[in-house]
Amino acid sequence: MGREILDTRETTVLFASAIGGADLYAKAGDVAAADALGKCMTTLEEATRKSGARVVKRTPDKLMALASTPDTAAEASAAMHHAMVRCPPVAGVRLALGVAFQFGPVIQKDADVFGDTVNLAARLVELAGRGQIITTTETARGLGGLYRPWVRTLYATDVKGRSEKVELVELVWQADPDETATTLTVPTKKLAPTVSVLKLIYRGTKVVRRRARDSVTLGRDESCGLIVHEEQASRLHCTIERKHDKFVLVDHSTNGTYVSIEGSAEILVQREEFPLTTRGFIALGQPKSVTKEIVEFICE
């Protein structure tokens with residue numbers, strides 16, 4: 001008999017677990033509870049697929065899916081929470097959801113996957129409380145600029161099968177537990193108010209953008225809308241453009257763009273997008289702490 005060949009690849013493993021099922025069965029009875037849970041899980045499965053993730057397993061109260069990137073997993077996680085909020089209460093019980101995901105290598109056999117990444121994601125979802133999305137610091141580093149502002153450090157904890165503590169973070173997908181849920185890419189007004197004007201200030205020069213399709217390029221080239229005299233900057237380093245109700249910085253450079261929003265840590269944006277909010281500073285090619293060529297931005 002030939003040896004079985006297994007494929008190894010990297011992906012993001014996502015688990016979602018319904019919370020409140022025991023209370024639902026106690027108050028609504030077996031038939032009504034099973035029916036309500038089944039409808040909720042179907043709704044979650046549809047929301048997951050629409051977000052670009054692939055459902056590989058489903059039990060009466062848990063769902064497992066695969067996403068190509070942590071960004072897709074983050075979007076699918078928020079979409080599932082949003083879908084769960086729409087599930088009506090039964091016998092006075094409103095089900096909630098705990099979600100966790102982890103990026104890493106998996107072993108593929110037919111349509112199923114297994115391995116350490118799957119085991120860790122399964123254990124993480126057991127730590128997720130009502131309305132939470134959690135992952136590890138390691139996976140959070142792979143999130144794109146649109147998702148990083150929603151990352152909140154939690155704690156380090158022991159996880160079965162790991163010799164060292166695992167550092168956990170939470171993706172805050174809603175402004176407040178009592179507010180209506182929203183996906184990560186469409187933040188609530190409390191997190192990202194509508195922006196009507198962008199102001200850039202550099203070496204005494206002020207550039208203002210306010211119209212719906214306004215954009216401005218930054219870099220060393222004389223053709224840029226704002227020429228920045230930084231040796232580490234690319235000729236066309238980045239573009240700031242308006243998308244819907246916010247201005248978004250899009251990095252095109254070799255060395256990346258460093259953005260610090262008032263009250264938050266500096267973030268490296270490299271070949272990706274990052275939404276600008278309130279006010280802060282932009283440094284091209286190197287951190288703000290080691291260059292004098294700093295662009296101030298104000299979003300109003």
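Me: Why is threonine 136 called buried?
Reply: Threonine 136 has a relative accessible area of 3%. Buried means under 20%, exposed means over 50%, and partly exposed lies in between (1.4 Å probe, protein chains only). The value of 3% is under the limit, so threonine 136 is buried.

Me: What kind of model is this, and which residues count?
Reply: This is a predicted model, where local features need pLDDT of at least 70, side-chain atom pairs count only at pLDDT 80 or more, and totals for chains, interfaces and linings use all residues. Residues are numbered from 1 along each chain as its sequence is written, and side-chain values use heavy atoms, leaving out hydrogens and water.

Me: Where is threonine 136, and what does it touch?
Reply: Threonine 136 sits in strand 6 (residues 132-136). Strands are DSSP runs of E with at least two residues, helices are runs of H or I with at least four, and both are numbered from the N terminus. Leaving out residues up to four places away in sequence, threonine 136 touches Gln102, Leu120, Leu124, Val166, Glu167, Leu168 and Val169. Contact means heavy atoms within 4.5 Å.

Me: How many helices and strands are in the chain?
Reply: The chain has five helices and 19 strands. Of its 300 residues, 48% count as buried.

Me: Why is leucine 268 called partly exposed?
Reply: Its relative accessible area is 30%, which falls between the limits for buried and exposed, so leucine 268 is partly exposed. Leucine 268 lies in strand 16 (residues 267-269). Not counting residues up to four places away in sequence, leucine 268 touches Arg148, Asn255, Gly256, Thr257 and Tyr258. Leucine 268 and glutamine 286 are 18 residues apart in sequence and 9.0 Å apart in space, C-alpha to C-alpha.

Me: What makes arginine 271 count as exposed?
Reply: Its relative accessibility is 58%, which is over the exposed limit, so arginine 271 counts as exposed. Arginine 271 is in the loop between strand 16 and strand 17 (273-276).

Me: What phi does arginine 271 have?
Reply: Arginine 271 has a positive phi of about 55 degrees, although it is not a glycine. Most residues other than glycine have a negative phi. Threonine 278 is also not a glycine, and has a positive phi of about 50 degrees. Threonine 278 is in the loop between strand 17 and strand 18 (279-284). Its relative accessible area is 42%, so threonine 278 is partly exposed.

Me: What makes a nonpolar core?
Reply: A nonpolar core is a set of buried Ala, Val, Leu, Ile, Met, Phe, Trp, Tyr and Cys residues joined through side-chain atoms within 4.5 Å. The largest one here has 37 residues. Leu14, Leu44, Met80 and Met84 have the most contacts inside it. Several elements each supply at least two residues of this core, among them strand 1 (7-19), helix 2 (30-50) and helix 3 (70-86). Helix 3 gives the most to this core, with eight residues. A second, separate core has 24 residues, including Leu200 and Phe247.

Me: Why is alanine 73 called buried?
Reply: Alanine 73 has a relative accessible area of 0%, so it is buried. Alanine 73 is found in helix 3. Beyond neighbours within four places in sequence, alanine 73 is in contact with Thr12, Leu14, Ala67 and Phe101.

Me: How do you know that helix 1 and helix 2 are oblique to each other?
Reply: The axes of helix 1 (residues 21-28) and helix 2 cross at roughly 140 degrees and come within 7 Å. Axes are lines fitted to C-alpha atoms, for helices over the stretch in contact, and angles run from 0 to 180 degrees between N-to-C directions. Angles under 35 degrees count as roughly parallel, over 145 as roughly antiparallel, 65 to 115 as roughly perpendicular, and the rest as oblique. Helix 1 and helix 2 are therefore oblique.

Me: Which residues meet where helix 1 packs on helix 2?
Reply: Leu24, Tyr25 and Ala28 in helix 1 meet Asp30, Ala32, Ala33, Ala34, Ala36 and Leu37 in helix 2. Their classes are eight nonpolar, no polar and one charged. Ala, Val, Leu, Ile, Met, Phe, Trp, Tyr, Cys and Pro count as nonpolar, Asp, Glu, Lys and Arg as charged, and the others, Gly among them, as polar.

Me: At what angle do helix 2 and helix 3 pack?
Reply: Helix 2 and helix 3 pack at about 145 degrees, with their axes 8 Å apart. By class, their contact has eight nonpolar, two polar and no charged residues.
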